[in-house]
Amino acid sequence: MEQQLGSSSFQGPEAVLNMQPSSSIGIAYHPLFGSHPDLILLELDDKLLPDLLLHQRVSLRGQPDEDAVLCTQSKTYAIKFVGTSNSALLVPPSHLYQLSQNSQHQEPDTIIPDDGKLIVPIIQVAPGNMELLEVAPRLDKLKLLLSQKPYSYEEALEDMEKDDKTGLYRWPDLVDMVQASNGELENGLMALSALEIDGYWRIVDEEYMDMILRMLLQNSILNEWSLDELDEDEVVSVLVADGFPCNIARHCLHVYGSKVVDGTVGRNAWRLDARRVGVHFARAILRSGKMKMDNFMEEWLRKIPEGMNVSFSMLEGEVLTDKFGVETWVYAFRVSSLPSTPAERFAMLFRERSRWEWKDLEPYIRDLKVPGLSSEGLLLKYTRRTQPTADAEPVFSAR
Amino acid sequence: MQIQVKCSCGGEKCPEWAIIELQGVVEVQPWYEGRPLHNLQIGTLCRPSSQENYTLTIGYHELTGSKVMLKKPLVVLQKVKPIPPGTPNTSNSSSPQVELDVVGIIRHKILFKTRPKALISKPQPVVKERSSSVPN
């Protein structure tokens, strides 16, 4: 006796998951059984479920030519498909894949035994599932995009808003183009000292920052300001009077100073940071090329404001020294201009110098973050370590 | 490009799907090949006792297995392609985006990983099970 069952008599997954003892159910191909390439199984840590199901804060990000990543609010994950040679028969909830009333499903040779058994349908044999792997956000692109049109003094002078917006990016554009979570993108913008001007995220170019910093320092001498306790309102109003936009003046304090947590109510106070000011002037001096160490130190210390204490060690990760005979030369080499992915970073480092001592190398790999890999692990993976004698400094070279 | 993952079910109400997993491949008898699979019965799933043990009979093979909880849950996503209103489908960034919808979650499966036992005196069914030679 043949019997055709409409989809309305199919059970759902509960019939499988809540089977009673001494019971049995039939397993059959759903009328709409097929490959269903639109179905994707994604393995997800329990702790990510609220973000996905409740807060809907999970998205896939990437350009068509990039491998998609999955982003929560604060983390980025690579997505990998893992196939299986098993047959994973997928049982859908019964309210899905309903046949419409008018559908014609004539299968005269359907063989379903008429023994009153409940039937559970299979909609697909799943080929595998997606897995997530936490990765560092791909922020190199952010730097690249924002470096296309640094905000310059000339641009600040122009009154008119230019119609040509190429090379300019708003937050949604950055989300569109950079494979990072919102939180990581915000951190990336902070790390670049980026500033939102007229809705566009900009990096202020170094010459303009130099102009405004020197103006601030000149004014601090004129007005006898303490560089450890700069009054934000006073500094900004003086710089605005000197022709700088208010937001740039404030930005200067953010870039070169730190807010002072002050007892005084109603006053924003800033302390200039010796390292950041020192690095700025070192870079300005070395912009035209390498210099002999003595000349560099003389010129550098001359530029440093009175009362500010700097030391050459503050420039680690910003400059490198080379010894030629008795002379030591110094030149700019900044870690923030290097790729943030380990393989590329080490490649650049070894291109710069084939052998590195640990004390020189450390500042240039300190910021490398690979989830699941320690700095020792990174060294093991990307470098070859040699140590001529037990008490000699270990030296690292390319693998 | 950003594809938001939506969940039209909400949190607690996310429907739970089930997986019945076995090693090997389920296929139809050679004489049935080419005919529609729809509505065709594959086999019978039994839970003989109050233990979480299960048997799955496909053709003349009987598999034994158990209900296991997945180490990490699987969410079931469905790609939804919005239909462009009347325009031909051109592949550029201005065309409507694919969306991803969470349609379910899987926390348990009935897993069969033993070698199938051959049942001798059963009539030839339409569907049979062919185990792969390499255990998974």
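This is a predicted model: local features need pLDDT of at least 70, side-chain atom pairs count only at pLDDT 80 or more; totals for chains, interfaces and linings use all residues.

**Stop 1**

**Stop 2: the interface with chain B**

Select the residues of each chain that touch the other. Chain A brings 71 residues to the contact and chain B brings 60 residues. Together the two chains bury about 5,800 Å², and carbon and sulfur atoms account for 58% of that area.

Next, show the polar pairs. Between chain A and chain B there are 30 residue pairs in polar contact, counting pairs with both residues at pLDDT 80 or more. Several elements of chain A supply at least two residues each to the side that touches chain B, among them α1 (13-17), β1 (23-29), β2 (39-43), α2 (49-54) and α5 (171-177). The most comes from β5(A), which gives 8 residues. By type, the residues on this side of chain A are 42 nonpolar, 19 polar and 10 charged.

Now pick out the salt bridges. The count between chain A and chain B is 2. For one of these, display the side chains of K72(B) and D45(A), which meet at 3.4 Å, N to O.

Then select β1(A) and residues 41-47 of chain B. The latter are strand β4 of chain B, which runs antiparallel to β1(A) and is joined to it by 6 bridges. Centre on I25(A): its bridge partner in β4(B) is L45(B).

**Stop 3: a sheet of three strands**

Return to chain A and select β10, β12 and β11. These form an open sheet of 3 strands in the order β10-β12-β11, with antiparallel pairing. β10 (230-231) and β11 (257-260) are at the edges with a single partner strand each, so each has one side without a neighbour in the sheet.

Follow the pairing of β11(A) with β12 (residues 269-272) of chain A, where 4 bridges join the antiparallel strands.

**Stop 4: a salt bridge within chain A**

Over all chains, the structure holds 24 salt bridges. Select E207(A) and R287(A), whose side chains form one at 3.8 Å, N to O. E207(A) belongs to helix α7 (residues 206-222), while R287(A) is in the loop between α10 (274-286) and β13 (291-292), so this pair ties together parts 80 residues apart in sequence.

**Stop 5: the pairings of β18(A)**

Finish with residues 395-398 of chain A, which are strand β18. What is the sense of its pairing with strand β16 (residues 355-357) of chain A? The two are antiparallel, over 3 bridges. R355(A) and S397(A) stand opposite each other here.

Strand β17 (residues 383-386) of chain A also runs antiparallel to β18(A), and 4 bridges join the two.

How values were computed:
Residues are numbered from 1 along each chain as its sequence is written. Chains are lettered from A and ligands numbered from 1 in the order in which they are written. Side-chain values use heavy atoms; hydrogens and water are left out. Contact means heavy atoms within 4.5 Å. Buried area is the accessible area (1.4 Å probe) that two parts lose on being put together, summed over both. A salt bridge is a side-chain nitrogen of Lys or Arg within 4 Å of a carboxyl oxygen of Asp or Glu. A polar contact is a pair of N or O atoms within 3.5 Å; within protein, one must be able to donate a hydrogen and the other to accept it, and residues adjacent in sequence count only if both atoms are side-chain atoms. Ala, Val, Leu, Ile, Met, Phe, Trp, Tyr, Cys and Pro count as nonpolar, Asp, Glu, Lys and Arg as charged, and the others, Gly among them, as polar. Two strands pair if DSSP finds at least two bridges between them.
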